[in-house]
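Subject: Structure for you, with notes

Dear colleague,

Please find the structure below, as promised. I would be glad if you could read my notes beside it.

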Amino acid sequence: MYSKFPPGYIARSTVKILIGGTSFFALLETFTGNEKFHKEQILPLVHRYVDAETAHKWGVRLAKSGLLAYYSNNQKEYPELKTNVFGRTFKNPIGIAAGFDKDGEAIDGLRASGLGFVEIGSVTPLPQDGNQRPRVFRLLEDKGVINRYGFNSAGGGVVSDRAKQAYRHDADVMFGVNLGKNKNTVKAELDYEIGANYFGNFCDYLVVNVSSPNTPGLRSLQSKEHLIKLLTTVRASIDRIDPARTKPKLLLKIAPDLNDDELKDIAKVVMDKRYGVDGLIISNTTISRPASLTSANKSESGGLSGAPLKQLNTQKIHQVYKLTGGQVPIIGCGGIFSGTDAYEKIRAGASLVQLYTGIVYEGFPIIGKVKRELVECLQKDGLTNVSEAVGADHRPKK
Ligand SMILES: Cc1cc2nc3c(=O)[nH]c(=O)nc-3n(C[C@H](O)[C@H](O)[C@H](O)COP(=O)(O)O)c2cc1C
């Protein structure tokens with residue numbers, strides 16, 4: 001048979017295409033799904049050559065690109081992790097904490113990344129720049145971050161347009177908006193009211209964040225008297241939402257630096273039905289500096305997150321779970337890098353968990369890793385669903 005190609009050309013081309021295709025998919029898989037490659041190769045390079053705030057921006061861009069949907073290891077879901085909290089079904093209990101996607105730029109991309117819920121913000125009513133740079137610092141040896149962003153925000157107008165575009169009431173990934181206040185606002189409750197008005201129709205939950213350490217006076221809003229005023233105002237905004245729509249749940253995010261009396265006060269307020277608090281996020285970053293820190297950046301001012309926060313944070317979850325008798329759902333957040341870390345928070349009393357700094361050190365494959373390892377923890381203890389583990393440390397061992 002006559003062929004216009006020289007002898008062997010088709011065979012050689014086929015082999016080339018096969019090798020090229022296989023290499024391409026192997027590379028894609030390495031870039032998108034490989035936990036070790038991200039943790040041991042990509043992130044150390046980024047940490048060496050890219051400052052923390054620029055790397056953060058790249059991370060948001062990556063999420064926005066939609067590429068996270070191709071991180072194949074993250075896409076696996078497990079029946080053991082499906083759970084009901086706040087009357088809603090979460091396909092898994094792992095969420096991304098506030099501060100990563102402050103301006104709601106990557107909502108769709110994050111929702112496709114294998115997470116069970118996504119929280120954006122903190123959002124302030126008016127746009128503001130936040131503090132001067134540099135304002136984010138890695139503590140490489142301690143697996144921590146100190147940030148003093150100071151609520152840089154595109155403002156409620158811009159961000160609520162994005163939330164409106166992205167929000168679907170029936171989406172299988174829950175969507176929360178974390179509200180902050182502008183630096184110069186005197187009557188704080190008004191800013192949270194404005195925030196609730198902007199976002200109340202376009203999210204599954206709203207977070208009153210009174211725990212960031214980088215806005216002067218903000219954390220004093222955690223006192224009983226201020227909290228009551230603030231929560232009453234926000235609750236009233238939520239109550240005004242058209243009853244035909246599903247109203248967002250109201251969550252309060254607290255600092256890990258509160259003392260026993262302050263925690264008792266908070267427990268009383270959140271247990272009081274008049275203020276309509278549906279859940280707590282424990283916790284924000286800490287202003288404390290554990291003696292164990294060794295990194296050069298340890299003396300930077302701001303809030304510390306990541307591994308050095310883990311224990312303090314779990315201890316606060318234990319305390320609040322006990323104080324509330326497990327009646328108020330807790331989202332545990334602070335220093336989660338593995339399934340075991342997540343399991344510890346859940347056994348301490350968290351119904352859901354969130355992470356942020358773990359992504360700084362291990363990249364997005366950490367999502368799939370935490371889910372897989374959490375299932376292993378449950379199986380080791382003979383549990384069939386994550387909800388059985390919530391608060392397990394407070395019950396006598398079987
Ligand atoms: C760079 C950075 C920015 C943050 N910004 C916010 C924020 O705007 N609002 C907020 O409520 N928490 C913010 N947080 C706190 C996180 O949401 C989370 O509570 C804390 O980092 C503990 O979790 P992690 O140890 O997994 O990071 C920020 C954290 C980091 C590291």
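What follows is a walk through the ligand site, some backbone features and a few individual residues.

This is a predicted model, in which local features need pLDDT of at least 70 and side-chain atom pairs count only at pLDDT 80 or more, while totals for chains, interfaces and linings use all residues. Residues are numbered from 1 along each chain as its sequence is written, and side-chain values use heavy atoms, with hydrogens and water left out.

I begin with the annotation. The UniProt record, an unreviewed entry, places the feature "domain: Dihydroorotate dehydrogenase catalytic" at residues 81-378; UniProt positions are given in the numbering used here, feature names are shortened, and annotations may be inferred rather than shown by experiment. The end C-alpha atoms of that span lie 9 Å apart, and the span is 33% helix and 20% strand, where helices (H or I, at least four residues) and strands (E, at least two) are DSSP runs numbered from the N terminus.

Next, the ligand. It is surrounded by 24 residues, the closest being Ala-98, Ser-122, Lys-253, Gly-335 and Thr-357, with a residue counted as near if one of its heavy atoms lies within 4 Å. By class, this shell divides into 8 nonpolar, 14 polar and 2 charged residues; here Ala, Val, Leu, Ile, Met, Phe, Trp, Tyr, Cys and Pro count as nonpolar, Asp, Glu, Lys and Arg as charged, and the others, Gly among them, as polar. On its own the ligand has 610 Å² of accessible area, of which the protein covers 98% (Shrake-Rupley method with a 1.4 Å probe; for residues, only the protein chains shown count as cover). The elements that give two or more residues to the shell are strand S4 (117-123), strand S6 (144-147) and strand S11 (303-306).

Two serines already named also take part in cis peptide bonds. The bond from Gly-121 to Ser-122 is cis, with omega near 5 degrees, and Ser-122 lies in strand S4. Ser-299 and Ile-146 are 153 residues apart in sequence, yet their C-alpha atoms are 9.1 Å apart in space.

Phe-86, in the loop between strand S1 (83-85) and strand S2 (88-90), has a positive phi of about 55 degrees although it is not a glycine, and it is buried at 13% relative accessible area. Phe-151 likewise has a positive phi of about 55 degrees; it is found in the loop between S6 and helix H5 (156-166) and counts as buried at 5%.

Arg-135 lies in the loop between S4 and strand S5 (136-139) and is buried, with 7% relative accessibility.

Glu-362, in helix H11 (residues 357-362), is likewise buried, with a relative accessible area of 5%, and its side chain makes a polar contact of 2.8 Å with that of Lys-369. Not counting residues up to four places away in sequence, Glu-362 touches His-38, Lys-39, Leu-43, Lys-143, Phe-337 and Lys-369, contact meaning heavy atoms within 4.5 Å.

Definitions and conventions: Buried means under 20% relative accessible area, exposed over 50%, partly exposed in between (1.4 Å probe, protein chains only). A polar contact is a pair of N or O atoms within 3.5 Å; within protein, one must be able to donate a hydrogen and the other to accept it, and residues adjacent in sequence count only if both atoms are side-chain atoms.
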